[in-house]
Amino acid sequence: MKIAVITGASSGMGKEFILQLDRAEAYDEIWVIARRRERLEELETRAKKRILPLDLSRKESYAVYKALLEELKPEIRTLVNAAGYGKFETVEEISLEDALGIIDLNCKALVAVTQLSLNYLTRGSHIYNMGSLSSFQPVPLMNSYASSKALVLSYSRALGKELEDRGIGVTCVCPGWVTTEFFDRAQEKDRHSVNYFNVLWKPEDVVAKALRDGAKGKAVSVLGASVRLQVLAVKLLPHELVMRIWLNQQGKGKKSGVK
Ligand SMILES: NC(=O)c1ccc[n+]([C@@H]2O[C@H](COP(=O)([O-])OP(=O)(O)OC[C@H]3O[C@@H](n4cnc5c(N)ncnc54)[C@H](OP(=O)(O)O)[C@@H]3O)[C@@H](O)[C@H]2O)c1
């Protein structure tokens, strides 16, 4: 049984991956993972859909996924790790629950789902991990989030090397700002530390580019010349300067207390 597994399937880029993969490939089943069951039920796919309403920040969920793999022994042709969230809050504003919850979901769950899937991936299978432009630089005002995405990028690059001999591709998808429900959760409170967003991209364009780059065997997918330029700039410039520019863009120069 050939399947695709998509986490973060109930909205935004995870949902878009489902729609585009379902059109492009013939899967026997698409396994869709997120907490909101009703959203997963609403998804219309050509392939048979298997709903896994799991909270991936809870370790018990890993066992549910593992048991299902062991029972059905599918061939995972495509794995998309898109579940994730962030908070636009300083280290003093963010709750400990969120500071750690971001790492539980963005890092631990991504590593767990990937590792549990390894034995079911075959030659030609592909993994897409959602990184971010913030994977490339330290980002005050959303520190836990950006740091979690640095792990995703580094983990994905090394994973790609480790799986090369098995003919399994890995692409870390690193977009700039994308119009999704990400913002609803990042800005739940009235006051938030990040208010300036230079360009907003569409999820369908990010995913289409990711699938094109994955097919070409690229390790990293970045949509847009301005985002690619920023990736290059943060590699060349000192991090101190990169962070200062970011803080100034957000109206949080030296006055803010963020030194
Ligand atoms: N939007 C951006 O500007 C942007 C930029 C760069 C990278 N990204 C990354 O892209 C990925 C997708 O985000 P998005 O922008 O598409 O945001 P989104 O629309 O908010 O989607 C996030 C997905 O993660 C799921 N999720 C959240 N908490 C979960 C949990 N505890 N257990 C299982 N699933 C959970 C959500 O489903 P439920 O709520 O139903 O569980 C939802 O399906 C994330 O990793 C995000 O960090 C986003």
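Visitor: Hi! Before we look at the sheet, what does it take for two strands to pair?
Guide: Two strands pair if DSSP finds at least two bridges between them. Keep in mind that this is a predicted model.

Visitor: Got it. So what order do the strands of the open sheet have?
Guide: The order of its 7 strands is 3-2-1-4-5-6-9, and the pairing is parallel.

Visitor: Which strands stand at the edges?
Guide: Those are strand 3 (48–53) and strand 9 (220–221). Each has a single partner strand, so one side of each is left without a neighbour in the sheet.

Visitor: And how many bridges join strand 5 and strand 6?
Guide: Strand 5 (residues 121–130) pairs with strand 6 (residues 169–173) over 5 bridges, in the parallel sense. As an example, Ile127 has Val170 in strand 6 as its bridge partner.

Visitor: Nice. What does helix 1 touch?
Guide: Helix 1 (residues 12–24) packs on the sheet and touches strand 1 (2–7), strand 2 (29–34), strand 4 (75–81), strand 5 and strand 6. Its direction makes about 160 degrees with that of strand 1.

Visitor: What about helix 3?
Guide: Helix 3 (residues 59–72) also packs on the sheet, touching strands 1, 2, 3 and 4. Its direction makes about 170 degrees with that of strand 2.

Visitor: New topic: how many residues are in the largest nonpolar core?
Guide: That core has 41 residues, and Val5, Trp31 and Met142 are among those with the most contacts inside it. Helix 4 (residues 96–117) gives the most to this core, with 6 residues.

Visitor: Which residues is Val5 in contact with?
Guide: Leaving aside neighbours within four places in sequence, Val5 is in contact with residues including Trp31, Tyr65 and Ile76.

Key: Residues numbered from 1 in each chain as written. Predicted model: local features only at pLDDT ≥ 70, side-chain atom pairs only at ≥ 80, totals over all residues. Heavy atoms only, no water. Helix = DSSP H or I, 4+ residues; strand = E, 2+ residues; numbered from the N terminus. Contact = heavy atoms within 4.5 Å. Axes fitted to C-alpha atoms, helices over the stretch in contact; angles between N-to-C directions. Core = buried A, V, L, I, M, F, W, Y, C linked by side-chain atoms within 4.5 Å. Buried < 20%, exposed > 50% of the residue type's maximum accessible area, 1.4 Å probe, protein only.
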